[in-house]
Protein chains: 2
Amino acid sequence: MLDLTVPARQTSDFKGDAHAFSQWAEHMRPQVETHLAQVIDTAMPLEIAEQSPLKAAMAHGLMNGGKRVRALAALAAGQLFGAEPATLLKVASALECIHAYSLIHDDLPCMDDDDLRRGQPTVHVKYGEAMALLAGDALQTLAFSILSAADVGVAASVQVKLLSTLAQASGAAGMAGGQAIDCHHVGQAMTMADMQRMHRLKTGALLQASLKMGALCGQPTESQWQTLDEYAQHLGLLFQVVDDILDATQDSHTLGKTAGKDERAEKPTYVRALGLEEATRYADDLYESALRVLQVSLTAQDGSTTESVQRLADLAAFCAQRVN
Amino acid sequence: MLDLTVPARQTSDFKGDAHAFSQWAEHMRPQVETHLAQVIDTAMPLEIAEQSPLKAAMAHGLMNGGKRVRALAALAAGQLFGAEPATLLKVASALECIHAYSLIHDDLPCMDDDDLRRGQPTVHVKYGEAMALLAGDALQTLAFSILSAADVGVAASVQVKLLSTLAQASGAAGMAGGQAIDCHHVGQAMTMADMQRMHRLKTGALLQASLKMGALCGQPTESQWQTLDEYAQHLGLLFQVVDDILDATQDSHTLGKTAGKDERAEKPTYVRALGLEEATRYADDLYESALRVLQVSLTAQDGSTTESVQRLADLAAFCAQRVN
């Protein structure tokens, strides 16, 4: 008799564990914070620092209890490819400087005009608009300063790639370009494709760069690099969709910033475009896609994964399930 | 009989010629402008550029008929040490991007609140504050993008030095740090030493970096490098003192920006600290010092100079004698 039973398709046990990621993050975050504090501390010689509140304003914007998702993404990707921990901390710091600069400038009255950021007064509320503007400017520069220093610990050719990746992701064809599209479309309808692109630039590009920069410090093969790139694209979008969902569903206390601002400012968001239910489903799809990419390419034949592949899955779960 | 006549000390013919520099600048500026236009043109892919006025705002801030002193300084120093013209144009563009970003942000209402820049409406007047903020941000990033691109034409180790020099000169320990001190001391007395330091950061650092970055693209010896550094310090200070003098003595039409603003804003300036006459004498001294450095170190035994050494003297004369 012909056996028509198809062997049950091996259902994978490969899932992300947000809790496991949180635990790892708890462990890594203090190292990132310590390094960031050093970075700010050495950004200006004393005789310059004591002449203005610039350093304090930069520190206020940078050391504000953020989740450090970009830093953690760089660390996770770097560990996967055997990068040096000291080098990864430098990359992580540069990424957090760029992120902090963008938040300081976003919060300014001419942009989102936000008084609250992670439960604290924003930089311009505390130090005035001029100092906030300069603190953002100087944090951007600091990112490039960190990566071009003599002590990064990778070959000059890798340093140049790190610098180039960061510049591409954060400039006119990346984060700043996405911000500009966002500003320009307040109150206007946007096609789903245009909104997708805007978000890919505004949030996705830097998160993607974080993973790539981490990987650049190690030794990925060409195919691993492709996999990481694909995973990074899903993760970047996922992060933004969840951001939009949180803005629409969480209170300000949980978010640590003013909730519901996108809606009131008539900003183009996924929730606005798709409705809450569909946006949530979309986030789920992106999460599954990210996992699938990792599973197909980075797990062994027998389905086993290394700790560091698992960490990327956990990062995706963390991004999908976060509440602020 | 003992000959007591001391041979007449050779009086040097080594002087700067501002007019000669202007002529050379007329010749070089179109190349810089063409390159800047290309840089803006390729900063964003079309599908991103057409979604917001960011590119137009960046172009308005960058392509505004500036003197291109920083670009010209880099070209002059680079030519002295045999650097590749194509590489120098990239370095020059990066410097002008940083300078343009600083002007756009300086002109914002929360800073100098200036409506006019080189006879044109400032970027925020034309494109709004949010877009001006982002245009400045993106121009800063663009500078680092240019220098970290694959086509700069120097070894990766030199690229890293270029990037590091630019970041140091423009960040918290350079231009942005100087701006912060300036903002923080409006209406306050400052010691001459503190003011000196502020200006060294605010204007001097980037001008100095321009010369150094040009030189880095060539092959200076260690002693030539030292000479250039010393010359650059004098030139940086000279430029700022003349800036202060012009603000106090020229009309807005000649300056192409609002004249007398420093005085009205009670900003610490050399004119305010020293009086106009003494400030003018100080500028003369700095000019002479710059020439002396070049003469002692870079002219041949017989007093002859190469064309490119002469150009640095001419640059100093140009900075000393400019009217806007």
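**Chat about a two-chain predicted model**

Me: Which residue forms a salt bridge with A:Arg29?
Reply: A:Glu26, with the closest N and O atoms 3.6 Å apart. Both residues lie in helix α1 (residues 18-41) of chain A, three residues apart, about one turn of the helix.

Me: And how many salt bridges cross the interface of chain A and chain B?
Reply: Zero, by the rule.

Me: OK, what about residue pairs in polar contact between chain A and chain B, how many?
Reply: Twelve, with both residues at pLDDT 80 or more. A polar contact is a pair of N or O atoms within 3.5 Å; within protein, one must be able to donate a hydrogen and the other to accept it, and residues adjacent in sequence count only if both atoms are side-chain atoms.

Me: Which element gives the most to the side of chain A that touches chain B?
Reply: α7(A), with twelve residues. Helices (H or I, at least four residues) and strands (E, at least two) are DSSP runs, numbered from the N terminus.

Me: How many residues of chain A are in contact with chain B?
Reply: 51 residues of chain A are in contact with 51 of chain B, contact being heavy atoms within 4.5 Å. The area buried between them is about 4,100 Å², and carbon and sulfur atoms give 71% of that. Buried area is the accessible area (1.4 Å probe) that two parts lose on being put together, summed over both.

Me: What rotation superposes chain A on chain B?
Reply: One of 180°, with 0.0 Å of shift along its axis and an RMSD of 0.0 Å. That is the relation of a two-fold axis. The superposition is by least squares on the C-alpha atoms of residues with pLDDT of at least 70 in both copies.

Me: Which residue of chain A comes closest to that axis?
Reply: A:Ala156, at 2.7 Å (C-alpha).

Me: Last one: how many helices and strands in chain A?
Reply: 16 helices and two strands.

Conventions:
Residues are numbered from 1 along each chain as its sequence is written. Chains are lettered from A and ligands numbered from 1 in the order in which they are written. Side-chain values use heavy atoms; hydrogens and water are left out. A salt bridge is a side-chain nitrogen of Lys or Arg within 4 Å of a carboxyl oxygen of Asp or Glu.
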